[in-house]
Amino acid sequence: MNETLERTNHTPSPVQPITDPVQSASVKARMQELIGRLADQHSLTEEEYAYLIDHRDAESASSLAKQADRVRRSIYGNKVFTRGLIEISSICRNDCLYCGIRCSNKNAERYRLDPEVILACAKEGHELGFRTIVLQGGEDPFYTDEMLSGLIRSIKEAFPDTAVTLSLGERGRESFQRLFDAGADRYLLRHETADPVHYAKLHPKEMSWQHRMDCLQDLREIGYQVGAGFMVGSPYQTSRELARDLKWTETFRPDMVGIGPFIPHHDTPFAHEPAGTLELTVYLLSILRLIWPPVLLPATTALGTIHPRGREMGIQAGANVIMPNLSPVGVRKKYELYDGKICTGEESAQCRGCLQQRMESIGYEIVTERGDIIK
Ligand code: SAH
């Protein structure tokens, strides 16, 4: 198979890295004007967001990062909130083209954690100082509303000071309601892309962009703190799609926005696609902070995977959350959404210690708090 041909077939081409480091005076002036207006009014047009992306250079990146850090400090100081991530299942009924645990990947090792094991991980997390527990997984029908409600109740009963976040994909409104009634506080469901045409290129035809949007709306109406987000550098993404994601975020105002670089997984149709970049992800983190100052913005594991100091750079550019892994070490490698995922060998305590040190090294402080949004 001719991979090169396959790769160059894409129209339009992915967002290019910065090619011309010397911007003309008029471009510089326009960039400064846009950054100033974004910092003041937290809003630009889709065309203006695309311009910010297309004309970025080291100077605009540094200017955005400075403003984003200032804005974040004015609300959250130098605090970094943590979420203990428990990856409860690698079994998924969906077939997202980018994801290593898509159902048609016959090489993926599948596992699911029993409620007792999940509860034990939550206990360990609480002892380590986590006050948010995230249950994430593939869309695995094993986890019925009844089972999850019982699990959520047990966690909330044992640790009333701890927020429970779910990230279990699309479910029906009734299901979301039942889990909320059982005590779940937050739900993470990345919108993946705000453009329906782009969405259709990343997902099988059974999945619908509109349904994902409806889920986000339902979650909000029910009363969850809602997290959305998207991959940076996903196949077929251009500055136009990213500008849409930014405008959508500006309008929906999610409590949390998770973004990380797309990283190819060897057993997916996107195995030979280029990964998203550290540089663009960090740039977008700064823009997101300025669009919606109180937003909870994680420096994601994917960001730490494409660069050894990716998470530190994300925090310095405006992110304020990290999500260390609390899954049993034995299953961590099996929750393989993309190649090269970091932190699959360490114990949970080691992960927390390591991150604490990393954050202190750049002047930020990991805190033991729920870390709710301050609006
Ligand atoms: N099944 C849940 C949880 C998905 S995993 C759901 O549908 O919401 C969490 C996120 O990982 C996804 O939303 C996706 O944006 C990201 N992800 C999946 N595959 C990835 C890849 N190859 N590179 C980077 N991020 C990926």
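1. Two strands count as paired if DSSP finds at least two bridges between them. Helices (H or I, at least four residues) and strands (E, at least two) are DSSP runs, numbered from the N terminus. On that basis, three strands make an open sheet with parallel pairing, in the order S8-S1-S9. Its edge strands are S8 (321-322) and S9 (365-366), and each of these pairs on one side only. Strand S1 (residues 79-82) joins S9 through two bridges in the parallel sense. Lys79 has Glu365 of S9 as its bridge partner.

2. A note on the model. It is predicted: local features need pLDDT of at least 70, side-chain atom pairs count only at pLDDT 80 or more, and totals for chains, interfaces and linings use all residues. Residues are numbered from 1 along each chain as its sequence is written.

3. Overall architecture. The protein chain has 15 helices and nine strands. Its radius of gyration, taken over C-alpha atoms, is 20 Å. The C-alpha trace spans about 60 × 50 × 40 Å along its principal axes.

4. Burial and contacts. A residue is buried if 20 or more other C-beta atoms lie within 10 Å of its own, exposed if 12 or fewer, and partly exposed in between; C-beta atoms are placed from the backbone. Buried residues account for 47% of the 375 in the protein chain. Contact means C-beta atoms, placed from the backbone, within 7 Å. Of the contacts between residues at least 6 apart in sequence, 79% join residues at least 24 apart.

5. The six-stranded sheet. This open sheet has the order S2-S3-S4-S5-S6-S7, with parallel pairing. S2 (84-89) and S7 (256-261) stand at the edges with a single partner strand each, so one side of each lacks a neighbour in the sheet. The twist averages 20° from one strand to the next. Angles run from 0 to 180 degrees between N-to-C directions, and axes are lines fitted to C-alpha atoms, for helices over the stretch in contact.

6. Pairing within that sheet. S2 and S3 run parallel and are joined by five bridges. Ser89 has Gly137 in S3 as its bridge partner. S4 (residues 163-167) and S5 (residues 186-188) pair in the parallel sense over two bridges. Leu166 stands opposite Tyr187 in S5.

7. Strand S3 and its cover. Six of the six residues of S3 are buried, so the strand is largely enclosed by the rest of the structure. Thr132, Val134 and Gln136 are buried on one side, and Ile133, Leu135 and Gly137 on the other. Helix H5 (residues 115-128) lies across S2 and S3 (132-137), running at about 170° to S2.

8. Thr193. This residue lies in the loop between S5 and helix H8 (196-202). Thr193 counts as buried because it has 25 C-beta neighbours inside 10 Å. Beyond its neighbours within four places in sequence, its contacts are His198, Tyr199, Leu202, Phe230, Glu241 and Asp245. Cys121 is 72 residues from Thr193 in sequence and 32 Å away in space, C-alpha to C-alpha.

9. The ligand shell. The ligand is surrounded by 18 residues, the closest being Cys99, Gly169, Arg190, Leu337 and Tyr338. By class, the shell has nine nonpolar, six polar and three charged residues. Ala, Val, Leu, Ile, Met, Phe, Trp, Tyr, Cys and Pro count as nonpolar, Asp, Glu, Lys and Arg as charged, and the others, Gly among them, as polar.

Notes:
Near = placed C-beta within 6 Å. Contact = placed C-beta atoms within 7 Å. Rg over C-alpha atoms; globule rule 2.2 N^0.38 Å.
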